[in-house]
Amino acid sequence: MDVFVVRHGQTEWNVKGLLQGSSDVELTDAGRAQAAATAQALAGLLGSQTTVVTSPLVRARDTADAIAGAIGAAVEVDERLRERAYGAWEGITPEKRESEWPEEVLAWRKYGSADVPGFEHHDTVRARMVEALEEWAERTPSTLLVVSHGSSARVGMQGVIGLSLDHRTLGNLGNAAWSRLTRRDCGDWTLERHNVTPETLGERP
């Protein structure tokens, strides 16, 4: 089966370079336009029998609603698809983050995790994302489309295809971009395309 993993459209915090994590930040007008363009592009690939599942955060919900509306599908919500929590780092400037947590920022850049209050580490994010992806794929009769977030989507995809989380072996999705995976059985996944946008959809893999 095909599984599409989509990142939400642009938010104001994306523009400002702020970590959003569990904070509920709405799409900008540009983000809504991105979601609409992605919805139209995916409508040519997906049918109304597609199962659409989203993170509960509004930026993902609104993106999922745009896609589901374009293909005539319903939307399911799964808490496990939410973004990684960044704790004390959410909503603060990069400058403040680096001045108050210099060692933690270095560790985050090198390993992807940091000892910061409320920061959700790789293993926890991977476990819930893999569980959600496998569970929804198992119960989905046709195509599955998941709308999530930059960090959680990356870690989840690394988890299902068996890539190490020690390093950033797979880049984050851009706003309203998607990846396409195939799943043959539980634990048997292949990443077919990554970081596809309406503009790059026709390009060769």
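Me: Is Glu98 buried, partly exposed or exposed, and at what relative accessibility?

Reply: This is a predicted model. Burial is read from relative accessible area, with buried meaning under 20% and exposed over 50%. Glu98 has 36% relative accessibility, so Glu98 counts as partly exposed. Glu98 sits in helix H4, residues 94-100. Beyond its neighbours within four places in sequence, Glu98 is in contact with Val105 and Arg109.

Me: Which residues does Thr11 contact, and is Thr11 buried or exposed?

Reply: Thr11 has 0% relative accessibility and therefore counts as buried. Thr11 belongs to the loop between S1 and helix H1 (12-16). With neighbours within four places in sequence left aside, the contacts of Thr11 are Gln20, Val25, Glu26, Leu27, Thr28 and Arg59.

Me: Where does Ala60 lie, and what does Ala60 contact?

Reply: Ala60 is in helix H3. Its relative accessible area is 0%, so Ala60 is buried.

Me: How is the packing of two helices read?

Reply: Two packed helices are described by the angle between their axes and the distance between the axes. Here, helix H2 (residues 29-43) and helix H3 (residues 58-71) have axes that come within 8 Å and cross at roughly 35°. The crossing of H2 past H3 is right-handed.

Me: Which residues of H2 and H3 make the contact, and how many are nonpolar, polar and charged?

Reply: From H2 the contact takes Ala35, Thr38, Ala39, Gln40, Leu42 and Ala43, and from H3 it takes Thr63, Ala66, Ile67, Ala70 and Ile71. By class, eight residues in the contact of H2 with H3 are nonpolar, three are polar and none is charged.

Me: How does the end-to-end distance of helix H7 compare with the span that 1.5 Å a residue gives?

Reply: The expected span is 1.5 Å times one less than the number of residues. H7 has twelve residues, 150-161, so it should span 16 Å; its end C-alpha atoms are 17 Å apart, which agrees.

Me: How many of the residues of H7 are buried, and what covers the buried residues?

Reply: Ten of the twelve are buried, so H7 is largely enclosed by the rest of the structure. The buried residues of H7 are Gly150, Ser151, Ser152, Ala153, Arg154, Val155, Gly156, Met157, Gln158 and Val160. Their cover includes strands S1 (2-7), S4 (144-148), S5 (178-185) and S6 (188-196), along with helix H6 (122-139).

Me: What is the accessibility of Ile161, and which residues does Ile161 touch?

Reply: Ile161 is in helix H7. Its relative accessibility is 23%, so Ile161 counts as partly exposed. Not counting residues up to four places away in sequence, Ile161 touches Leu181, Trp189, Thr190 and Leu191. Ile161 and Arg7 are 154 residues apart in sequence, and their C-alpha atoms are 18 Å apart in space.

Me: Which residues touch the most other members of the largest nonpolar core?

Reply: They are Val5, Leu144 and Trp189, in a core of 22 residues. S1, H6, S4 and H7 are the elements that give two or more residues to this core. H6 supplies the largest share, seven residues. Another core, of 17 residues, lies apart from it and has Leu42, Leu46, Ala68 and Val196 among its members.

Me: What does Trp189 touch?

Reply: Not counting residues up to four places away in sequence, Trp189 touches Val3, Leu133, Glu134, Ala137, Val160, Ile161, Leu181, Thr182, Arg183 and Arg184.

Conventions. Residues numbered from 1 in each chain as written. Predicted model: local features only at pLDDT ≥ 70, side-chain atom pairs only at ≥ 80, totals over all residues. Heavy atoms only, no water. Helix = DSSP H or I, 4+ residues; strand = E, 2+ residues; numbered from the N terminus. Buried < 20%, exposed > 50% of the residue type's maximum accessible area, 1.4 Å probe, protein only. Contact = heavy atoms within 4.5 Å. Core = buried A, V, L, I, M, F, W, Y, C linked by side-chain atoms within 4.5 Å. Axes fitted to C-alpha atoms, helices over the stretch in contact; angles between N-to-C directions. Left-handed = near helix turned anticlockwise from the far one by under 90°. Nonpolar A, V, L, I, M, F, W, Y, C, P; charged D, E, K, R; others polar.
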